[in-house]
Each structure stands twice: as structure tokens, then as C-alpha cells.
Amino acid sequence: MQKYFIAPDQFGEQHIQITGNDAHHIMNVMRAKPGAIVLVSDGASREAKAAIERCENGTVEARIVELLEADREPAVLVSIAQSLPKGDKMELIIQKCTEIGAGRFIPFVSERTIVQYDQKKEAKRLERWGKIAKEAAEQSHRNRVPAIDSAVSWKALAEHFSGHDLVLLCYEDEAGTLLRDVLEPFYKTFRSETAQPQQAARILVIIGPEGGFSAREVEAAVAAGARCVSLGRRILRAETAGMAACACIMYQFGELGGV
């Protein structure tokens, strides 16, 4: 069943209204007719099955037939801080990590970032990334669309550390500490010390550019509170590392059958 995220003001008590690209998708791609059922969510607290009643003038109107309470959001809030990669790799990272369960993306510029960051293209880039995150969240039937921040500097990224319970710096030259070595004890400690069992852990995963981090950046991150970890004996590509780390975290927290 196709899912669509709509603005809260389009989600009424008995009816919902779908406009823009989503309405175009329903009418011209899905070729849905009156009576067809779609899933709709306001991206916050409301989700429902709705039966299409009218498709006209670029707008789809539907009647709510069942309010849903299913929550498919993970029990851990994973933020992916990704040094801007070349080409359209960031789009792939956002798409796949959204499907896996990441809740936020923080692009940043580091010493070895190859991409020449152009602030003038920021709005267009964020719009494109936001669309990809939305479509990935719809495809995977999530309840929320991940947030995507504007790109920040390496120094500014460190300011985000304090807002997380665990900060992981994925570093290819880290030989002694595997991601598992940090995740397992953190999970046990967090669960035993958290007064509210439903409270979600907040984990920030930092992924470097194609050329990796410099020794100076690693030292600064560790000094700011990050844990330096390895993703194994094989060197992963910049666009693969975040997906692998996110999947490992989801498994540890029971989101992929772990625990």
C-alpha cells in the first residue's frame, strides 16, 4: 500500500487532502481511482488509511477510514554526520540510511573533503535531499521523515556532540576498538541506567570523506568526547560506511532481530 506524508493542516478529522507531487503521483503514476486506499501520515502523531473520493484540479481528496497506531520508528535515534562525498553519493546515503532507520543527517566539510562546497546551491541541494528522504520514508513505511541539516564545518560539528549519548567516529586506521566493542556495553549500560525504558538513545555516527580523516581531526574529535571505532578489517567506501554502522546499531537495539 502506497504511503504519503502530508502537512498537518491537510490532515482533517474525517478527510485528508493531498496536493503537489504526491497528488501527481497518485493520479498519473499510480492511476488511482475513487475507492483506492492509501496510507497517509502527518509526519508526527497521526497516520491513517484513507479512501480516495476525488482526483481533480491537481488535488486528491480522501476520506479517513481507519486511524493507525503502528509505530515503525526505531528505539534509537541515529544521526549520520557525513563529510560531503563526491557526485550524488549523498543522495544514496540519505536514501538507504533512511530505509534502515536513521533519524537525522548532518553534512559537514572536513580537511580532505573533495567537494567544493557552494553555499549558493544550499537551498536547492537541501530540497533535493529532503525529497529523497521523504520518498525513502514513504517506501519503508516510517512514521517520520528524517531531518537534514545544512552543511557545517568540522569545528561546528563538534558542537553537536553534547546532544548525544554516544558519539562514534568511524576511522579506518582504528585497529584496537571495533564498533561492537563500544555498542554492546553502551546498550547494556544505557538500558540499566535509563529511568524511562521507552527513552531512545541518541547516537551520532561520524563518517569521513573519500580520503578519510586527518590525524588532527581524529585527535580533536576524541578530545571532544567521540569514541573512535573500526567497522572491521575491510575498508568501506564513504557511501557504504554510514549504512553499515547504522545497520549495526539497529541490530544491537533489536530493530533488525538483534538482542
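Glu 138 lies in helix 3 (residues 122-139), where helices are DSSP runs of H or I with at least four residues and strands are runs of E with at least two, numbered from the N terminus. The model is predicted, so local features need pLDDT of at least 70 and side-chain atom pairs count only at pLDDT 80 or more, while totals for chains, interfaces and linings use all residues. Residues are numbered from 1 along each chain as its sequence is written, and side-chain values use heavy atoms, with hydrogens and water left out.

Because its relative accessibility is 5%, Glu 138 counts as buried (under 20% relative accessible area, with exposed over 50% and partly exposed in between, for a 1.4 Å probe and protein chains only). Leaving aside residues up to four places away in sequence, Glu 138 touches Lys 3, Tyr 4, Phe 5 and Asp 22, a contact being heavy atoms within 4.5 Å. Other buried residues of helix 3 include Trp 129 and Ile 132, and the buried residues of this helix pack against the elements in the table.

| Element | Residues |
|---|---|
| strand 1 | 3-5 |
| helix 1 | 20-29 |
| helix 2 | 89-100 |
| strand 7 | 104-109 |
| strand 8 | 147-148 |

After helix 3 comes His 141, with a positive phi near 55°.

Elsewhere, helix 5 (residues 179-193) and helix 7 (residues 238-252) pack at an angle of about 35° with their axes 10 Å apart. Leu 179, Leu 183, Glu 184 and Tyr 187 of helix 5 meet Ala 245, Cys 248, Ile 249 and Gln 252 of helix 7 in this contact.

Methods
Axes fitted to C-alpha atoms, helices over the stretch in contact; angles between N-to-C directions.
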